[in-house]
Amino acid sequence: MPTTAPNGPSAPTAAHALSDVTASDAALRRFLHGLPGVDAVGLEARAASLGTRSIKTTAKAYAIDLAISMVDLTTLEGADTPGKVRALGAKAVHPDPTDRTAPTTAAVCVYPDMVAAAKEAVAGSGVKVASVATAFPAGRAALDVKLADVREAVAAGADEIDMVIDRGAFLAGRFMKVYDEIVAVKEACGTSARLKVIFETGELSTYDNIRRASWLGMLAGADFIKTSTGKVAVNATPANTLLMLQAVRDFRAQTGIQVGVKPAGGIRTSKDAIKFLVLVNETAGEDWLDNHWFRFGASSLLNDLLMQRQKLATGRYSGPDYVTVD
């Protein structure tokens, strides 16, 4: 659940201060359109600049282990089977079977009907089970269908729900509809599952829209805001992730409530992952350098992290059969 920042305002006071923002569609629209415009050139230049930071070998080893611990190991295919999910769960628990010092991943992420198999595979390990829901990836379904999707996953034991917003409604300016759906999904999660809200940033077209979606999701009770489904051409980028990190930083400064960030899709190498960790540290701060507040939505990334980890330990790269191909 979100926490109150140690030096920030109390959550009840902050919530009261923002209560008028969601009192009506007009009020919500005024607030979201009143957010500062995004300087696209400045944002991209800042993201590129942070991406050039170099780190020492000892820091690199720490960053690789931290990145492994932040991975949501994911399979979201029509051909998923219980056996495939069990194998994925085993890899999440012991990413490198030859080296038990390798950290576990943060979670495995599956469709609702695969949650039970995933829970069995990671039982007792501390690895969370996340499940996509709400008519993933398009999000085009009636609300009762979306809520049934969520309840099925939670009933099967999901620790986290990754929902998608209705991008059509958002782009049409129907912000209250999107807000109400997030609130309803959050309620369906109950007290046992954290909620990640996926914006599909590649379909939102502008940085201003990504900033508005970030604040909309946080106002509605998101525990995490997430860039993408991984199912479109443009997914997580340093620039859109930097913008979302700025949003969670500013939201906590204003409300005292901390919200996580999850870039997903397109992050494939250790070098990429470390660039994102630098973004986190330099933008939101050390409080987000933990898998409770930052995740990578990736699967192929884990293989590269493991190979780079072994290279640091032994001075050489492994053969192509060192890691499993997911």
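Colleague: Is Ser 205 buried or exposed?

Modeller: In this predicted model, Ser 205 is exposed, because its relative accessible area is 68%, and exposed means over 50%. Ser 205 sits in the loop that runs between helix H10 (201-204) and helix H11 (207-219). Its phi is near 75 degrees, a positive value in a residue other than glycine.

Colleague: What is the phi of Ala 135, and where is that residue found?

Modeller: Ala 135 is not a glycine, yet its phi is positive, at about 60 degrees. You can find Ala 135 in the loop between S3 and H7. With a relative accessible area of 26%, Ala 135 counts as partly exposed. Pro 137 belongs to the loop between strand S3 (128-133) and helix H7 (143-155) as well. Look at the peptide bond from Phe 136 to Pro 137: this bond is cis, with omega near 0 degrees.

Colleague: Thanks! Now the rings, please. How is a pair of aromatic rings described?

Modeller: Two things describe such a pair: how far apart the centres are and the angle between the planes. Here there are six aromatic pairs. Take Phe 276 and Phe 296: their ring centres are 6.4 Å apart and their planes meet at 85 degrees, so this pair is edge-to-face. The pair links distant parts of the chain, with Phe 276 in helix H13 (residues 270-283) and Phe 296 in strand S8 (residues 296-297), 20 residues apart. Both phenylalanines, Phe 276 and Phe 296, are buried.

Colleague: Which residues do ring pairs link into a cluster?

Modeller: That cluster is made of Phe 31, Trp 215 and Phe 251. Rings can have charged neighbours too: Arg 194 lies over the face of Trp 293, 5.3 Å from the ring centre.

Colleague: How can one see where empty space is left?

Modeller: Picture rolling a probe the size of a water molecule over the atoms; this shows where empty space is left. In this structure, the largest pocket holds about 510 Å³ of space. It is lined by 22 residues, and those closest to its centre are Thr 74, Gly 230, Gly 297, Ala 298 and Ser 299. By class, the lining of the largest pocket consists of ten polar, seven charged and five nonpolar residues.

Conventions. Residues are numbered from 1 along each chain as its sequence is written. This is a predicted model: local features need pLDDT of at least 70, side-chain atom pairs count only at pLDDT 80 or more; totals for chains, interfaces and linings use all residues. Side-chain values use heavy atoms; hydrogens and water are left out. On a 1 Å grid over the protein atoms alone, a cavity is a set of points where a 1.4 Å probe fits but cannot get out, and a pocket is an open set with protein on both sides within 12 Å along at least five of seven lines; lining residues have an atom within 4 Å of a point. Grid points are joined across faces, edges and corners, and a volume is the space filled by probe spheres set on the points. Ala, Val, Leu, Ile, Met, Phe, Trp, Tyr, Cys and Pro count as nonpolar, Asp, Glu, Lys and Arg as charged, and the others, Gly among them, as polar. Rings of Phe, Tyr and Trp (its six-membered ring) pair if their centres lie within 6.5 Å; planes under 30 degrees apart count as stacked, over 60 as edge-to-face and the rest as tilted. Helices (H or I, at least four residues) and strands (E, at least two) are DSSP runs, numbered from the N terminus. Buried means under 20% relative accessible area, exposed over 50%, partly exposed in between (1.4 Å probe, protein chains only). A charge sits over a ring if NZ of Lys or CZ of Arg is within 6 Å of the ring centre and within 35 degrees of the ring normal.
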